[in-house]
Amino acid sequence: MEIQKSEVKKKTLPPLPNVDRWGYVKTRFAPNPDFLIHLGNARPALLSFLYAKMYKGKFVLRFEDTDPRIKTPIPEAYQRIRDDLRWLEVSWDEEYIQSLRMELYYSIAKKLIEIGGAYVDLCTPDEFRKYRSARRACPHRNMASEDSLELWDKMLEGYYGEGEAVVRVKTDLEHPDPSVIDWVAFRIIDTDNYPHPLTGSRYVVWPTYNFAAAVDDHFMGITHILRGREHAVNTVKQSFIYSRMGWRYPEVINLGRVNLEGFILSKSRIKELLNRYPHRFLGLDDPRFGTIASLRRRGILSDTIREIINNLGVKSSDATISWDNIAAINRRIADKRAKRIMFVAKPILLVLENLKLPYQIVLPFHPSANLGSRTYTITTPRVYIQREDLEKLGKGDVVRLMGFANVVIKDIDLERGEAKAIVESFDVSEARSVGAQIIQWVAEEHSAKAGLYVAEGLRLRKIRGLVESSIERLSVGEVVQLIRLGFARIDSLHPTPILIFAHV
RNA sequence: GCCGCGGUAGUAUAGCCCGGUCAAGUAUGCGGGCCUUUCGAGCCCGUGACCCGGGUUCAAAUCCCGGCCGCGGCACCA
């Protein structure tokens with residue numbers, strides 16, 4: 001008769017490698033602010049944060065915005081990413097923005113060129129490709145470092161246009177993976193035409209991901225990098241800088257990708273859809289997307305996402321999360337704190353007879369938790385129930401209006417959209433004894449027109465209905481349970497209440 | 001094509017490093033029952049998996065080899 005671990009045992013994370021050799025733990029999450037983060041990004045973000053916490057270390061948030069041209073940062077993305085992380089209860093000890101650290105990258109580039117670890121390459125991409133596939137050095141590779149340095153200064157001065165000069169890191173010309181061979185560390189971006197949202201046209205020489213990340217991970221003292229396994233080669237590429245500079249490369253853990261069944265996660269795909277059909281979506285956080293903001297808007301709780309990610313662990317194999325699974329976890333968590341309210345989809349009028357007026361009803365917001373209640377004083381015998389429920393009933397059937405009364409159907413006129421019923425009794429046990437269906441309803445005088453958005457794959461249905469007027473007392477953002485329909489989040493209250501369906 | 005990573009029930013995951021306690025645990029799904037003023041929650045019972053083939057061993061989900069399948073990378077993206 002003892003209560004045992006009925007609470008969900010927190011799956012503990014496996015230990016990080018070589019923690020004792022570093023003496024401390026510092027991790028980072030490095031999103032590109034070219035869009036919002038999605039469920040897949042939540043994995044490295046949350047795991048990095050959790051590991052830092054587990055080892056009482058530090059956690060860094062770093063915005064990687066060094067491509068104003070192809071992955072142009074969205075100005076509001078910086079803040080929305082911060083908001084999403086905070087919502088996930090992720091907090092960071094330090095924050096950096098790469099586009100604000102350009103001088104550091106330049107100084108390391110200079111040093112690297114000086115010591116012969118990098119060079120300025122004036123080849124066209126085509127020319128270089130030829131040398132590379134022949135595993136031969138391009139003519140610029142063997143220039144004296146002073147000469148390369150001169151070209152570097154010319155790059156910085158804006159002498160070259162896009163595509164005319166790059167800085168390459170000297171690697172192994174024989175490397176089996178051609179992309180590793182003398183990879184590009186800096187390229188020129190015409191910021192007059194492609195201004196950076198933070199620095200405008202101030203810089204034309206931009207570090208690539210591999211260069212900026214390599215330098216930052218070193219100077220920020222990152223000990224453990226958790227990132228998607230699509231980055232595996234980048235570890236190889238960046239290692240060349242580390243060995244030239246005599247730095248120690250952080251421990252790397254490659255994570256598998258996360259897919260969410262039936263959802264669009266890909267940033268580029270979402271951006272494309274928003275561009276092509278801007279009016280078909282409810283914004284960047286449309287409930288059909290797999291972004292954190294979308295899931296939140298749909299009523300998925302922060303705890304749910306954290307549990308999902310925690311359950312995935314640190315495997316390097318990909319995972320496809322099923323919606324059923326998310327819904328089950330969310331339901332379990334939300335059930336304890338979601339207020340119950342009644343929403344009547346496709347309503348039809350039911351006129352009650354034999355009801356002494358006025359009649360007062362007190363409905364608790366939750367069957368067991370103490371979440372308060374609302375009181376309705378019924379002064380007219382007109383209520384609405386779902387057409388679908390009525391269609392299953394016939395004359396003489398007993399049905400219980402939840403929390404209110406047991407009624408006998410007297411007359412159904414689907415044409416006129418009206419039915420009549422006689423109030424028989426009020427006690428639920430009487431409804432039980434005759435096996436009556438218990439349905440939700442709203443009083444005409446205490447209802448408001450409302451919309452319920454239901455996302456189904458790429459489709460978004462809007463169901464019109466009536467909701468209890470006491471929804472006005474609840475707040476936007478609140479996750480409620482619509483009785484007999486399922487969980488939903490209140491998306492707005494004015495001019496009419498709009499809810500977004502989460503799951504049954 | 002070339003490099004790299006991975007394959008446990010419908011889905012996800014534990015176990016694999018350090019072979020036996022694994023005739024494989026957990027969650028979800030599915031079937032059944034109880035409970036309940038919801039088609040929600042809770043409780044109980046049941047269901048279902050080690051990619052294939054060799055090898056090592058007294059013993060392999062775990063180690064080795066080969067195959068198959070899946071994924072990632074091969075950018076002046078991150």
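**Exercise 1.** Which helices and strands each supply at least two residues of the surface near RNA strand B? Determine also how that surface is made up by residue class.

*Solution.* The model is a predicted one.

Step 1. The strands that each supply at least two residues of this surface are E6 (184-188) and E11 (319-321). The helices that do so are H8 (232-245), H11 (302-312), H12 (323-335) and H14 (428-433).

Step 2. Helix H12 gives the largest share, six residues.

Step 3. In total, 51 residues surround RNA strand B. Sorted by class, 20 are charged, 16 nonpolar and 15 polar. The closest residues to the RNA strand are Lys 71, Arg 187, Gly 403, Gln 481 and Arg 484.

**Exercise 2.** Describe the span of helix H4 and explain why its buried residues line one face.

*Solution.* 

Step 1. Helix H4 comprises 13 residues, 102-114. From first C-alpha to last it reaches 18 Å, close to the 18 Å expected at 1.5 Å a residue.

Step 2. Its buried residues are Met 102, Tyr 105, Tyr 106, Ile 108, Ala 109, Leu 112 and Ile 113.

Step 3. Viewed down the axis of H4, these buried residues fall within an arc of 165°, and therefore they line one face of the helix.

Step 4. After H4 comes Gly 116, which has a positive phi near 80°.

**Exercise 3.** Is Val 344 buried or exposed, and which residues does Val 344 touch beyond four places away in sequence?

*Solution.* 

Step 1. Val 344 belongs to strand E13 (residues 343-345).

Step 2. Its relative accessible area is 0%; because buried means under 20%, Val 344 is buried.

Step 3. Beyond four places away in sequence, Val 344 touches Tyr 384, Ile 385, Gln 386, Gln 440, Trp 441, Val 442, Arg 464, Gly 465 and Leu 466.

Step 4. Take Gln 440 as one of these contacts. Gln 440 is 96 residues from Val 344 in sequence, whereas their C-alpha atoms are 6.9 Å apart in space.

Terms used. Residues are numbered from 1 along each chain as its sequence is written. Chains are lettered from A and ligands numbered from 1 in the order in which they are written. This is a predicted model: local features need pLDDT of at least 70, side-chain atom pairs count only at pLDDT 80 or more; totals for chains, interfaces and linings use all residues. Side-chain values use heavy atoms; hydrogens and water are left out. Helices (H or I, at least four residues) and strands (E, at least two) are DSSP runs, numbered from the N terminus. The expected span of a helix is 1.5 Å times one less than its number of residues. Buried means under 20% relative accessible area, exposed over 50%, partly exposed in between (1.4 Å probe, protein chains only). The arc is that of the directions from the helix axis to the C-beta atoms. Contact means heavy atoms within 4.5 Å. A residue is near a molecule or strand if one of its heavy atoms lies within 4 Å of it. Ala, Val, Leu, Ile, Met, Phe, Trp, Tyr, Cys and Pro count as nonpolar, Asp, Glu, Lys and Arg as charged, and the others, Gly among them, as polar.
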